[in-house]
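Open the model in your viewer and keep the selection tool at hand. We will go stop by stop.

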Amino acid sequence: MIQIENFNFKGLKAIVRVDFNVPLDKKTFVVTDDTRIRGALPTIRKIIGDGGSCILMSHLGRPEGRQEKYSLKPVLPVLEKHLGMSVKFADDCLGDETAKTAAALKPGEILLLENVRFYPEEEGKPILPETATDEEKKAAKAELKAKQKVLAQKLASYADVYVNDAFGTAHRAHGTTAVIADYFPAGKKMFGFLINSELAAMDRVLHNPQKPFTAIMGGAKVSDKILLIENLLNKVDNLIIGGGMTYTFIKAMGGKIGKSLCEEDKLDLALNIINKAKEKGVNLLLPVDSVNADKFDNEAQVSLSAIDNVPEGWLGLDIGEKTIEKFSEVIMNSKTILWNGPMGVFEMEKFSAGTVAIAKAIAASTAKGAYSLVGGGDSVAAVNKYNLAGSISYVSTGGGAMLEYMEGKKLPGITAIRGE
Ligand code: AMP
């Protein structure tokens with residue numbers, strides 16, 4: 001497999017799948033967070049710097065066919081500002097004009113294509129009425145899969161080289177994330193710098209962690225994280241559980257959890273995780289105290305209780321002081337830290353203390369020499385909210401993609417290039 005840093009793009013056209021799926025202001029359509037655009041800049045700069053040209057493709061949102069509110073046009077001025085140069089924009093991906101513009105692209109020039117998800121074949125998911133029969137669904141899917149190949153082949157024909165730098169969609173087998181790679185020979189397809197850093201960070205934690213290795217799992221549901229937890233039980237020294245999923249564990253062990261979030265059908269699974277941790281010699285840490293609310297509201301009455309004694313009718317929405325102390329000590333003594341999922345309902349000020357404290361402990365441990373990887377939409381949002389991103393070794397840009405890679409799954413966008 002070729003590496004982008006060793007490749008010379010001089011005189012070549014590169015078609016680059018980036019992740020410009022940025023949030024837009026609902027009224028003005030101005031980009032409200034340009035993190036993802038900045039993430040793609042090193043790759044674009046390398047191609048242009050070498051004397052190549054660049055055709056950028058991305059999705060934005062989940063359009064059903066062409067819907068102007070999902071246009072990538074608002075990205076253009078932000079991209080131009082960061083690069084300090086003008087960027088061409090094509091109103092579609094496959095039209096004759098676009099093909100001509102791509103063909104006429106000169107070294108050093110950049111062309112941004114309109115949202116590739118305006119073509120349903122990109123995702124390969126047919127848009128059908130609810131009344132469609134199974135037969136109709138199957139036929140529509142097969143037809144769209146065939147069209148997906150046509151889309152991928154046409155886009156591939158614009159360029160000499162394919163670069164995938166869209167980590168956020170690497171777990172999707174879409175036209176521009178995976179299928180397009182089939183139309184380039186091995187020496188003409190590669191990852192961009194962003195995907196490379198994501199893979200390096202995850203591989204370091206998964207395959208080469210300095211010990212002690214601590215994983216901190218939080219967020220709402222056990223069911224979302226179960227595969228990750230199971231994979232991590234083979235690797236970590238300490239597994240910290242916090243957030244909403246805590247209460248399923250506590251109930252499974254016979255504790256009182258009031259009205260706290262609980263997945264009744266996952267109680268056995270929770271016990272199974274506890275037993276597996278024991279078998280494998282993993283130190284499983286659960287909260288010892290709970291910050292409770294009488295309703296799911298920032299204006300709620302608040303009370304503190306032991307984790308297994310949440311009063312009737314109350315809900316546990318954050319970890320308490322004793323838990324913070326216990327978790328922080330383990331985090332401070334770790335050499336590798338993985339964090340996925342908040343410790344409480346941090347979106348509400350009253351229930352954010354646990355998440356803030358854990359984020360700070362990870363930052364402090366990192367300052368002491370630990371390697372820290374934070375991923376998953378909400379923990380990344382928390383780290384950004386508390387201005388701690390710069391104090392974490394690596395903050396992942398891909399929620400679902402990171403989760404799947406860390407679960408040990410093969411990601412179509414990665415396999416399409418690495419070929420395993
Ligand atoms: P996830 O996407 O699974 O990482 O879950 C993140 C969500 O979990 C956030 O929106 C939190 O508000 C929520 N969450 C964290 N702790 C709790 C809790 N104790 N009860 C209910 N929701 C929670």
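Select the ligand in this predicted model. The space it takes is the second largest pocket.

Now show the residues around the ligand.

Next, look at single contacts. Start with Ala220. A polar backbone atom of this alanine lies 3.0 Å from an oxygen atom of the ligand. Move on to Gly316. Here a backbone N or O atom is 3.0 Å from a nitrogen atom of the ligand. Then pick Asp378. This time the side chain takes part: one of its N or O atoms is 3.3 Å from an oxygen atom of the ligand.

How much of the ligand's accessible area does the protein cover? On its own, the ligand has 500 Å² of accessible area, and the protein covers 80% of that.

Zoom out for the last stop. Select residues 4-191 for domain 1, then 199-406 for domain 2. Give each domain its own colour. Their centres, taken over C-alpha atoms, are 35 Å apart. Finish where the two domains meet: six residues of domain 1 are in contact with nine residues of domain 2.

How values were computed
Residues are numbered from 1 along each chain as its sequence is written. This is a predicted model: local features need pLDDT of at least 70, side-chain atom pairs count only at pLDDT 80 or more; totals for chains, interfaces and linings use all residues. Side-chain values use heavy atoms; hydrogens and water are left out. A polar contact is a pair of N or O atoms within 3.5 Å; within protein, one must be able to donate a hydrogen and the other to accept it, and residues adjacent in sequence count only if both atoms are side-chain atoms. Accessible areas come from the Shrake-Rupley method with a 1.4 Å probe; for residues, only the protein chains shown count as cover. On a 1 Å grid over the protein atoms alone, a cavity is a set of points where a 1.4 Å probe fits but cannot get out, and a pocket is an open set with protein on both sides within 12 Å along at least five of seven lines; lining residues have an atom within 4 Å of a point. A molecule sits in a cavity or pocket if more than half of its atoms lie within 2 Å of its grid points. Domain bounds come from an automatic or database domain assignment. Contact means heavy atoms within 4.5 Å.
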